[in-house]
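User: Please take me through this structure by question and answer, with the cut-offs behind each term.

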Amino acid sequence: MVIAALLALLAAPYAADTSHCAAAARFLRDARHMRVEVEVDTIDDWRTKRRVPGCRITAAGGTELSVGREAVRFYELLRAATWVRTPDPRDSPNEGSLRFRWEQSDCLFNINAEALLGTDAEQRVNDTLQVPAGQTRYQMFVMCMPAMPAAPR
């Protein structure tokens with residue numbers, strides 16, 4: 001009985017919740033016409049220096065641009081949709097990843113030219129995406145969590 005209560009207490013901060021991914025998933029589906037899968041996750045966040053409950057989005061889409069130019073266009077469209085850069089964002093080092101805030105959620109968007117994760121979700125979104133002639137497939141991985149201030153540097 002005591003062990004069960006202790007395990008429940010330890011699991012409580014990481015309760016299953018994908019609500020922080022809802023706006024990002026909607027944007028990827030509706031504005032970018034991507035195949036999207038949302039899953040619960042726990043994020044080891046270097047910005048807050050905390051391990052926090054959150055969610056992840058795995059998505060695949062097609063573009064007529066190079067993937068680098070698509071990334072630039074994506075971030076411009078995200079800003080136009082009134083997403084804002086997270087205060088003191090501390091983006092993913094040396095990668096094409098940027099952190100944005102929507103209401104009470106912070107999301108780190110990662111854009112890649114090819115499937116790199118090797119996850120079931122990545123396989124599923126790629127299996128359901130039909131890329132039209134003249135377009136190139138690209139991948140998106142997004143990690144979202146509750147909006148929080150950055151840890152002091």
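User: Where is Thr-48 found?

Analyst: The model is predicted, so local features need pLDDT of at least 70 and side-chain atom pairs pLDDT 80 or more, while totals for chains, interfaces and linings use all residues. Residues are numbered from 1 along each chain as its sequence is written, and side-chain values use heavy atoms, without hydrogens and water. Helices (H or I, at least four residues) and strands (E, at least two) are DSSP runs numbered from the N terminus. On that basis, Thr-48 lies in the loop between β1 (35-45) and β2.

User: Is Thr-48 buried or exposed?

Analyst: Buried means under 20% relative accessible area and exposed over 50%, with partly exposed in between (1.4 Å probe, protein chains only). Because the relative accessibility of Thr-48 is 6%, this residue counts as buried.

User: Which side chain does the side chain of Thr-48 join in a polar contact?

Analyst: A polar contact is a pair of N or O atoms within 3.5 Å; within protein, one must be able to donate a hydrogen and the other to accept it, and residues adjacent in sequence count only if both atoms are side-chain atoms. For Thr-48 the contact is 2.8 Å, and the partner is Asp-45.

User: Which elements do the buried residues of α3 pack against?

Analyst: Helix α3 covers residues 67-80, and its buried residues are Val-67, Glu-70, Ala-71, Phe-74, Tyr-75 and Leu-78. Seen down the helix axis, they fall within an arc of 135° (from the directions of the axis to the C-beta atoms), so they line one face of α3. On the other side, Arg-69, Glu-76 and Ala-80 are exposed. Taking contact as heavy atoms within 4.5 Å, the buried residues pack against α2 (22-31), β2 (50-63), β4 (97-102), β5 (105-112) and β6 (136-146).

User: How many residues apart are Cys-21 and Cys-55?

Analyst: A disulfide, defined as a pair of cysteine sulfur atoms within 2.5 Å, joins Cys-21 to Cys-55 with an S to S distance of 2.1 Å. Cys-21 is in the loop between α1 (2-11) and α2, whereas Cys-55 is in strand β2; this pair links distant parts of the chain, 34 residues apart.

User: Which strands hold Cys-107 and Cys-144?

Analyst: The sulfur atoms of Cys-107 and Cys-144 are 2.1 Å apart in a disulfide. Cys-107 counts as buried because its relative accessibility is 0%, and Cys-144 counts as buried at 0% as well. The two cysteines, 37 residues apart, lie in strand β5 and strand β6 respectively.

Definitions and conventions:
Expected span 1.5 Å × (residues − 1).
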